[in-house]
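Try each task before you read its solution.

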Amino acid sequence: MNRKEYKYTVEHEWICPESGNKGKVGLADYAQSQLGDIVFLDLPAPGTQVKQGKKMGEVESVKAVSDIFAPASGQVVEINQTVIDEPGLVNKDPYGAGWLVRLELSKPSELDALMDSDEYDKFVAALSEKESE
Amino acid sequence: MSYHYVLPEISESGKIGCSLPALDVPPTELPPKQLLRQELELPEVSEVELMRYFTALSKLNYGVDTGFYPLGSCTMKYNPKWHEDIARLAGFASIHPLQPEESVQGALQLMFELEEYLTEITGTHATSLVPIAGAHGEFTGLLLVKAYHQDRGDKARKKILLTDSSHGTNPASAVMCGFEIGVVASDGEGNVDMKDLESAMNEEVAALTLTMPTTLGLFDPKILEIGQLVHERGGLLGADGANLNALLGQVKFGELGYDYVQLNLHKTFSTPHGGGGPGSGPVCVKENLADFLPSPLVTKNKGMYKFVSPTKSIGRVANFWGNFGVMCKAYAYIRSLGAEGLKEVSENAVLNANYLKEKLKPYYYLSYDRICMHEVVFSGRRQKAKGVHTVDIAKRLLDYGLHPPTVYFPLVVDEALMIEPTETESKQTLDAFVEAMKEIARDVEENPEVLHTAPHSTPVRRLDDVRAARNPDLRWHMRS
């Protein structure tokens with residue numbers, strides 16, 4: 001699926017809506033570039049209930065440890081074992097092979113509150129501008 | 001021979017490095033055979049080989065005694081060797097922690113007086129010397145906060161507020177204490193954002209932990225207002241005292257509205273640190289928290305010193321009495337400098353940092369261009385635009401024989417370089433550092449490759465920290 005159809009949070013997570021009220025979640029390119037080389041991921045076990053905007057895991061890079069926030073509420077149905085074994089995938093392919101978890105959404109309407117890709121790109125452009133002031 | 005070997009690799013059967021003294025105790029039977037190891041593969045080397053091995057290792061060490069060490073937030077000042085002599089006096093070094101109080105009155109007197117000095121320096125009411133590290137002191141401070149609210153019957157306060165420039169230990173200590181974390185933003189000048197604090201400071205907040213000066217090396221001029229707001233809403237104000245070196249003898253935490261402050265004797269009061277300890281992290285508290293202090297405190301009664309436990313003490317937080325050796329050195333430091341000397345410490349620490357700030361400002365981006373305290377935070381963003389990152393600058397400094405500053409912290413500054421020169425450095429040393437930083441800034445423009453591949457002159461070149469973190473291999477692979 002094209003990342004244009006993903007939804008984004010202000011914390012730089014993305015969620016890709018899938019059939020059956022599911023959604024695949026990952027970190028946006030901006031997040032991985034700010035974090036630098038990612039060395040460890042702590043993801044919620046399948047079965048865990050997560051809540052929109054609440055912490056669901058941690059990502060550790062050589063620079064810092066940051067929280068991962070759930071972009072929507074629901075239950076974790078699958079985690080990407082490949083990315084746990086090879087966290088560098090988040091740097092290499094944040095929107096593809098570097099996905100983190102798959103959620104079964106309890107309130108799909110929550111996605112309406114997130115940014116679409118155009119809004120998100122503008123949001124990131126504004127951040128980058130602020131950075132190079 | 002390089003240091004790339006370990007003793008078993010040069011071991012040869014039959015070499016002997018020591019001769020055992022004559023037996024001066026009665027011979028005794030060995031324990032039963034099944035309790036004895038059949039083989040114990042101790043390396044067999046000669047004395048001179050052993051000496052060369054350790055001398056080679058010692059030469060690889062870098063410390064304050066070797067060169068400039070401007071590691072921000074760590075206060076790597078020179079530790080006078082005389083303090084070591086004091087701590088090694090038999091009356092301090094050869095006593096046992098379980099000796100009767102009457103037989104260690106001198107040691108107790110030192111602890112009692114050190115408690116009093118630290119109470120005086122911080123403008124508080126009482127001090128516990130027990131915590132054995134900075135973060136342990138923070139943790140103890142938060143246990144006091146918890147005990148204080150519980151004692152008042154206020155069970156709703158589950159949250160500790162921190163600023164976005166906090167030391168990493170601040171949230172860690174709070175979580176270890178069972179608190180939730182709330183983060184207060186910094187405003188455009190690097191101070192606490194009062195609007196943000198206003199909205200975050202509610203009846204769930206147990207305390208605000210605020211380093212002063214902040215980890216941006218800045219003094220927040222609204223500190224009294226901050227304390228007032230926190231107290232009006234029923235919370236406490238606690239300080240991470242890591243940056244006391246900027247305030248020593250100038251202003252007291254108690255007068256700034258703080259209810260407690262944790263100190264790092266191993267930073268401010270000049271005892272060796274950086275190798276993982278031993279540290280000492282006393283907690284100084286106002287009257288409202290004094291009854292909860294950990295056990296024991298030292299009191300003086302009719303000329304005799306003894307250990308006591310405060311009435312509502314949270315109990316013990318460490319075994320025995322804390323790291324006594326560090327207390328001896330801190331005591332020697334305070335006594336040798338005196339009140340006037342301690343004041344000069346902070347004056348020179350702040351002067352040195354501002355000197356570096358002004359000298360380096362033309363070459364490195366200053367995120368908050370105002371008078372700094374004991375440390376100054378630059379951003380490597382100008383260099384980043386040329387493809388050179390702060391990590392490259394830090395690695396290049398190694399080629400000049402200098403220890404790099406703290407990098408990538410605080411997190412609120414992009415590509416941060418946090419420089420704390422301390423008061424013990426001369427203008428000559430600071431100028432040499434400035435020259436190195438200027439040359440590096442020039443190399444960013446003219447010869448960036450030399451930065452990307454730095455360091456060039458160290459025993460090992462740039463380490464692959466990504467691979468080390470992803471595939472840690474902590475075993476030495478022996479040459480057979």
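pLDDT is the predictor's confidence in each residue, from 0 to 100. Chain B averages a pLDDT of 94, and 99% of its residues score at least 70. This is a predicted model, in which local features need pLDDT of at least 70, side-chain atom pairs count only at pLDDT 80 or more, and totals for chains, interfaces and linings use all residues. Residues are numbered from 1 along each chain as its sequence is written, while chains are lettered from A and ligands numbered from 1 in the order in which they are written. For the complex, the predictor gives an ipTM of 0.70 and a pTM of 0.87.

**Exercise 1. Find how α5(B) and α12(B) are oriented to each other, and what lines their contact.**

Step 1: Locate the elements. Helices (H or I, at least four residues) and strands (E, at least two) are DSSP runs, numbered from the N terminus. Helix α5 covers residues 105-122 of chain B, and helix α12 covers residues 324-360 of chain B.

Step 2: Take the angle. Axes are lines fitted to C-alpha atoms, for helices over the stretch in contact, and angles run from 0 to 180 degrees between N-to-C directions. α5(B) and α12(B) pack at about 60°, with their axes 10 Å apart.

Step 3: Classify it. Angles under 35 degrees count as roughly parallel, over 145 as roughly antiparallel, 65 to 115 as roughly perpendicular and the rest as oblique. α5(B) and α12(B) are therefore oblique to each other.

Step 4: List the contacts (C-beta atoms, placed from the backbone, within 7 Å). From α5(B), B:Ala107, B:Leu110, B:Met111, B:Glu113, B:Leu114 and B:Tyr117 meet B:Phe324, B:Met327, B:Cys328, B:Ala330, B:Tyr331 and B:Ile334 of α12(B).

Step 5: Sort by class. Ala, Val, Leu, Ile, Met, Phe, Trp, Tyr, Cys and Pro count as nonpolar, Asp, Glu, Lys and Arg as charged, and the others, Gly among them, as polar. The contact of α5(B) with α12(B) has 11 nonpolar, no polar and one charged residues.

**Exercise 2. Classify the packing of α12(B) with α15(B).**

Step 1: α12(B) and helix α15 (residues 427-446) of chain B pack at about 30°, their axes 10 Å apart. That makes α12(B) roughly parallel to α15(B).

Step 2: B:Asn352, B:Tyr355, B:Leu356, B:Lys359 and B:Leu360 in α12(B) meet B:Leu430, B:Val434 and B:Met437 in α15(B). These residues divide into six nonpolar, one polar and one charged.

**Exercise 3. Decide whether α14(B) is largely enclosed or open.**

Step 1: Apply the burial rule: a residue is buried if 20 or more other C-beta atoms lie within 10 Å of its own, exposed if 12 or fewer, and partly exposed in between.

Step 2: Eight of the 10 residues of helix α14 (residues 390-399) of chain B are buried, so α14(B) is largely enclosed by the rest of the structure. Among them are B:Asp392, B:Lys395 and B:Arg396.

Step 3: The partners of these buried residues include α13 (381-384), β13 (416-419) and α15 of chain B.

**Exercise 4. Is A:Ile38 buried or exposed?**

Step 1: A:Ile38 is found in strand β4 (residues 38-42) of chain A.

Step 2: A:Ile38 has 28 other C-beta atoms within 10 Å, so A:Ile38 is buried.

Step 3: Leaving aside neighbours within four places in sequence, the contacts of A:Ile38 include A:Val59, A:Pro87 and A:Val90.

Conventions: Two residues are in contact if their C-beta atoms, placed from the backbone, lie within 7 Å.
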